[in-house]
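Please look at the sequence and the structure first, and then read on.

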Amino acid sequence: MSGITVDQARDILLEKVEQINETEVIPLWDSVGRVIARDIVAQHSQPPFPRSPLDGYALRSEDIKHAAKENPVSLIVIDEVTAGHISSQYVSKGMAVRIMTGAPIPDGADCVIRQEDTDYGEVTVAVYKSLKKWQNYCFEGEDYKKGEVILARDTMIGAVEAGILASLGYDSLEVYRQARVMLITTGDELVLPGEALEAGKIYDSNLYTLGTRLRQWGAQIISGTRLEDNPYVVAREIQKGVCRADIVITTGGVSVGKKDIMHDVISILGCEKLFWKIEIKPGMPTLCAVYQGKLLICLSGNPYGAAVNLELLVRPLLAFMMRRKDLELQRIQAKAVGCFGKKSGVARYVRGYYREGKAILTTGSNDSGIMSSMCGCNSLIEIPAGSERLNEGDDVWTVLL
Ligand SMILES: Nc1nc2c(c(=O)[nH]1)N[C@H]1C(S)=C(S)[C@@H](COP(=O)(O)OP(=O)(O)OC[C@H]3O[C@@H](n4cnc5c(N)ncnc54)[C@H](O)[C@@H]3O)O[C@H]1N2
Ligand code: MOO
């Protein structure tokens, strides 16, 4: 084996990409998973006015200082205010305003008594309990204040951030653009789902496994194409599309067979070759190059090999390019449950399920061409280069998917 390690491969690739600085304005509805390109400064305080947290009466705490069940204090009810409306009344000594949750507290009042502690009076109200000043009183700006940076640039938007942006009045916002990926699968044997399956052919699954995973990470697939094993056809397609893409990803044709055309493709295009072969199973023959300043990442055709290398190599690139810290690889230590019998000359990544400190090895096949045993896996268990068999209870590192 004359390859490089997967960590070396990742570092080489990371050096060839840049963070995306171009931005675009998108609707708030489409913003989850995108990254904010400007500090978001509050244009108003939240709440924008002091408001009641209860259904009850806004009043002056001084007036009910001695109120108790056996010593009710009677106040004159001068107005009623519900959420969405305002009372223009000033609450003076001996007065109260009937108020509902979320309504602005009128001037003069410094607390709100909940209605359960009164006789629910509409003209006058008997109050059965005392309150301290500012009790049950939500201050203007207690959530955030006008002028504060509420969400810093480079924050990824999730549901909570989308809600905060909505509370600030945004219905669209400026985010960094997505990474653009050109995805090509190669192989004379491939037909697209929906087409007839003739003898010797298989359906193209990589286009979907990789394409949907890339989309899940927030990348934009600018073209997803299946091509025949003809290096000129593949080279032409890359030549045509590369200017619109940040990265070109292909699968198939990277090994040593007669139709392993990607070696020819990179020489036809005159690419700068970065490496061929990584000391890893699966996906050992991965071939990487630079074409017109863009990374060309040629993954093995084997579905598991392609999927694993997409996780280990492409995901960290997208994390960096799109400022998506959540996409950075997360490796955690765990205790193996189950065992793996084969020796590993090179680093091996086997299908696993991680839960509560345990890395559970699946019982299905770990061969590179097998897809069905990938179902339900949420992690890749690392078996370091040079390992003997992996036994139950061994400490292992596992990469979360
Ligand atoms: N003599 C040797 N043969 C092979 C070696 C070797 O060192 N010496 N390496 C093996 C390893 S390891 C791998 S990995 C594969 C890599 O092959 P390629 O990347 O060239 O991929 P293909 O030959 O095109 O395909 C491999 C396999 O995967 C199927 N495939 C391809 N594309 C798709 C797709 N889009 N969807 C579903 N399945 C796909 C394809 O039909 C093949 O069965 O080479 C070994 N050989
Ligand atoms: O490197 Mo290959 O994907 O193991 O069969």
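## Pro-104 and its surroundings

Leaving aside neighbours within four places in sequence, Pro-104 is in contact with Phe-49, Pro-50, Arg-51, Val-81 and Ile-86, where contact means that the C-beta atoms of two residues, placed from the backbone, lie within 7 Å. This is a predicted model, in which local features need pLDDT of at least 70 and side-chain atom pairs count only at pLDDT 80 or more, while totals for chains, interfaces and linings use all residues. Residues are numbered from 1 along each chain as its sequence is written, and chains are lettered from A and ligands numbered from 1 in the order in which they are written.

Pro-104 lies in the loop between strand S5 (95-99) and strand S6 (111-114); helices (H or I, at least four residues) and strands (E, at least two) are DSSP runs, numbered from the N terminus. Pro-104 counts as buried because it has 20 C-beta neighbours inside 10 Å; a residue is buried if 20 or more other C-beta atoms lie within 10 Å of its own, exposed if 12 or fewer, and partly exposed in between, with C-beta atoms placed from the backbone. Pro-48 is 56 residues from Pro-104 along the chain, and their C-alpha atoms are separated by 9.2 Å.

## Domains and cores

The protein is divided into domain 1 (6-20 + 178-327), domain 2 (23-46 + 142-176), domain 3 (56-127) and domain 4 (331-400), with bounds that come from an automatic or database domain assignment. The centres of domain 1 and domain 4, taken over C-alpha atoms, are separated by 25 Å. Their contact takes 13 residues from domain 1 and twelve residues from domain 4. On the side of domain 1 that touches domain 4, helix H6 gives the most, with six residues. That side divides into seven nonpolar, three polar and three charged residues, where Ala, Val, Leu, Ile, Met, Phe, Trp, Tyr, Cys and Pro count as nonpolar, Asp, Glu, Lys and Arg as charged, and the others, Gly among them, as polar.

In soluble globular proteins, nonpolar side chains tend to be buried together. Here the largest nonpolar core has 76 residues, of which Val-181, Ile-247, Ile-249, Leu-296, Ile-297 and Leu-318 touch the most other members; such a core is a set of buried Ala, Val, Leu, Ile, Met, Phe, Trp, Tyr and Cys residues joined through C-beta atoms within 7 Å. The largest share of this core, eleven residues, comes from H6. Another core lies apart from it and has 23 residues, including Tyr-57, Leu-75, Val-91 and Ile-105.

An unreviewed UniProt entry carries the annotation "domain: MoaB/Mog" for residues 182-320; UniProt positions are given in the numbering used here, feature names are shortened, and annotations may be inferred rather than shown by experiment. In the model, this span, 182-320, is 35% helix and 29% strand, and its end C-alpha atoms lie 18 Å apart.

## Ligand surroundings

Ligand 1 is surrounded by 27 residues, the closest being Asn-206, Gly-252, Ser-255, Ser-300 and Gly-301; a residue is near a molecule if its C-beta atom, placed from the backbone, lies within 6 Å of it. Helix H3 (206-216) and helix H6 (303-321) are the elements that give two or more residues to this shell. By class, the shell around ligand 1 has eight nonpolar, 16 polar and three charged residues.

Around ligand 2 are Lys-281, Pro-282, Gly-283, Met-284, Pro-285, Ser-300, Asn-302, Gly-305 and Ser-368, which divide into three nonpolar, five polar and one charged.

Most residues other than glycine have a negative phi, and most peptide bonds are trans. The table lists places in this model that depart from these patterns.

| Site | Backbone feature | Value |
|---|---|---|
| Gln-46 to Pro-47 | cis peptide bond | omega near -5° |
| Lys-281 to Pro-282 | cis peptide bond | omega near 5° |
| Asn-136 | positive phi, not a glycine | about 55° |
| Asp-154 | positive phi, not a glycine | near 80° |

Pro-47 lies in the loop between strand S2 (40-41) and strand S3 (56-59). Asn-136 is found in the loop between strand S7 (124-127) and strand S8 (149-151), and it is partly exposed, with 18 other C-beta atoms within 10 Å. Asp-154 has its place in the loop between S8 and helix H2 (159-167), and counts as partly exposed because 15 C-beta neighbours lie inside 10 Å.
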